[in-house]
Amino acid sequence: MLDWWLPENVSTYGRDIDWLFHLIYYITGITAILVFVTMIVFLVMYKDRPGRRARYTHGNTTLEIVWTVVPSLILVILTFLSAPAWSKIKMQAPPASDFVLNVTAKQFNWQVTYPGPDGKFGTADDKTLLDEMHVPVNKVVHVHLRSQDVIHSFFVPQFRMKQDAVPGREIVQWFEASKPGKYELPCAELCGFGHSGMRGWIYVHTPDEYQKWAAENLRAEAAAPAAEEKKPEEAKPEPAPAKGGKAKR
Ligand SMILES: [Cu+2]
């Protein structure tokens, strides 16, 4: 019902997230309305009137048990309801896929590395794009997420996906886009002065279009412009100095 105010969902697991979002939204919304209505009613009922004296009360044990147990139960139920989606998206091994990308976040760009024609990372034909990712539609994509400086957050609202990139860790996140288009990839972690400008675009292509794009952009000879961007990738054990260095903290 509230779909109009969310970005369009184009991810296979987006419906699970939206369902939970709306469930929690309704629970908190109804609770907020009840609290405010009660508060206003009490303000009027118990306002100062001539001849009325304030009375000391120590509270009501039954009421206190009820308003402790009911929210606790709601939280426990929400935990169980969200477990399937959470485990599918974050905890279990991602669905198998041969489409793997390395994404290294840095102040203030997304470095997206393709393994190149040989299908292997760390070889001469790797191709790194800046703030740009191209993927085919209806294909499980594994993103191996790293950061070379501070914590960033890989966020694609239309995919209902958000994952921190943490220095020193490689985190595998996955998605399967269900509709071709161009989707924004902002950084969702306040990561420094240039944070607001840290955003990329994910282009979801039809399979034919993707093949065409890959043929034009991922061939060995097309790899040349990426050479300088690739260095931080190859030195992954230690955080390599950022290009130009000025962006460092
Ligand atoms: Cu960032």
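Biologist: Which residues of helix α3 (residues 207–217) are buried?

Modeller: The buried residues of α3 are Tyr210, Trp213 and Ala214. Buried means under 20% relative accessible area, exposed over 50%, and partly exposed in between, with a 1.4 Å probe and protein chains only. Helices (H or I, at least four residues) and strands (E, at least two) are DSSP runs, numbered from the N terminus. This is a predicted model, in which local features need pLDDT of at least 70 and side-chain atom pairs count only at pLDDT 80 or more, while totals for chains, interfaces and linings use all residues. Residues are numbered from 1 along each chain as its sequence is written, and side-chain values use heavy atoms, leaving out hydrogens and water.

Biologist: Why do the buried residues of α3 line one face of the helix?

Modeller: An α-helix has 3.6 residues a turn, so residues three or four places apart point the same way. Seen down the axis of α3, the buried residues fall within an arc of 100° (taken from the directions from the helix axis to the C-beta atoms), so they line one face. On the other side of α3, Asp208, Gln211 and Lys212 are exposed.

Biologist: What covers the buried residues of α3?

Modeller: The cover includes the strands β2 (109–114), β3 (127–130), β4 (132–136) and β10 (199–205). Contact here means heavy atoms within 4.5 Å.

Biologist: How many salt bridges does a search of the whole structure find?

Modeller: Side chains of opposite charge can pair when their charged atoms come close. A salt bridge is a side-chain nitrogen of Lys or Arg within 4 Å of a carboxyl oxygen of Asp or Glu. The search finds six. One of them joins the side chains of Asp16 and Lys88, at 2.8 Å from N to O. Asp16 lies in helix α1 (residues 14–45) and Lys88 in helix α2 (residues 61–91), so this pair ties together parts 72 residues apart in sequence.

Biologist: Are Asp16 and Lys88 buried, partly exposed or exposed?

Modeller: Asp16 is partly exposed, at 26% relative accessibility. Lys88 is partly exposed too, with a relative accessible area of 34%.

Biologist: Which residue forms a salt bridge with Arg146?

Modeller: Glu170 does, and the closest N and O atoms are 3.0 Å apart. Arg146 lies in strand β5 and Glu170 in the loop between β7 (161–165) and β8 (171–176), so the pair ties together parts 24 residues apart in sequence. Arg146 is buried, with a relative accessible area of 11%, whereas Glu170 is partly exposed, at 42%.
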